[in-house]
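Colleague: Please take a close look at the aromatic cluster and at what surrounds its rings.

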Amino acid sequence: QVHVVESGGGLVQAGGSLRLSCVASGRTVNLWAISWFRQASGKGREFVGAAKGNDIHYGDSVKGRFSISRDNARNMVYLQMDSLKPEDTAVYYCATGTPVPYSRPQLYAYWGQGTQVTVSS
């Protein structure tokens, strides 16, 4: 059984920062990618970034503003979001699995419940 839990969402003003956390437990998740996606109201799920071991990838819309770090010993991944914009408002999801490529949400088997991030202008 695999469990994925996100935390750390909230309300922040434009230009501010938030840090999201994700913990994945069970089976061999230490060997899997742990990734972040987001979904704004009325839109599809967008790739934010992925971490597998020491290999980290970012979606184009967040490069230079968001950073991902991974604690492999605890199967935790952190999403540091800086210079936030109103268009970053979305539900942020953490997912884990063995997808290739990382950016396709339909390839992930395990998802968290999501955490709301709201950026006010």
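Modeller: Arginine 45 sits over the face of tyrosine 93, 3.9 Å from the ring centre; a charge is placed over a ring if NZ of Lys or CZ of Arg is within 6 Å of the ring centre and within 35 degrees of the ring normal. The model is predicted, so local features need pLDDT of at least 70 and side-chain atom pairs count only at pLDDT 80 or more, while totals for chains, interfaces and linings use all residues. Residues are numbered from 1 along each chain as its sequence is written, and side-chain values use heavy atoms, with hydrogens and water left out.

Tyrosine 93 belongs to a cluster in which ring pairs link Phe37, Phe47, Tyr93, Tyr108 and Trp111. Rings of Phe, Tyr and Trp (its six-membered ring) pair if their centres lie within 6.5 Å; planes under 30 degrees apart count as stacked, over 60 as edge-to-face and the rest as tilted. The structure holds six aromatic pairs. One of them joins phenylalanine 37 and tyrosine 108, edge-to-face, at 5.2 Å centre to centre and 80° between the planes. Phenylalanine 37 lies in strand 4 (residues 33–39) and tyrosine 108 in the loop between strand 9 (90–97) and strand 10 (110–111), so this pair ties together parts 71 residues apart in sequence; strands are DSSP runs (E, at least two residues), numbered from the N terminus. Phenylalanine 37 and tyrosine 108 are both buried, meaning under 20% relative accessible area, with exposed over 50% and partly exposed in between (1.4 Å probe, protein chains only).

The rings of tyrosine 93 and tryptophan 111 have centres 6.2 Å apart and planes at 80°, so they too are edge-to-face.

Conventions
Helix = DSSP H or I, 4+ residues; strand = E, 2+ residues; numbered from the N terminus.
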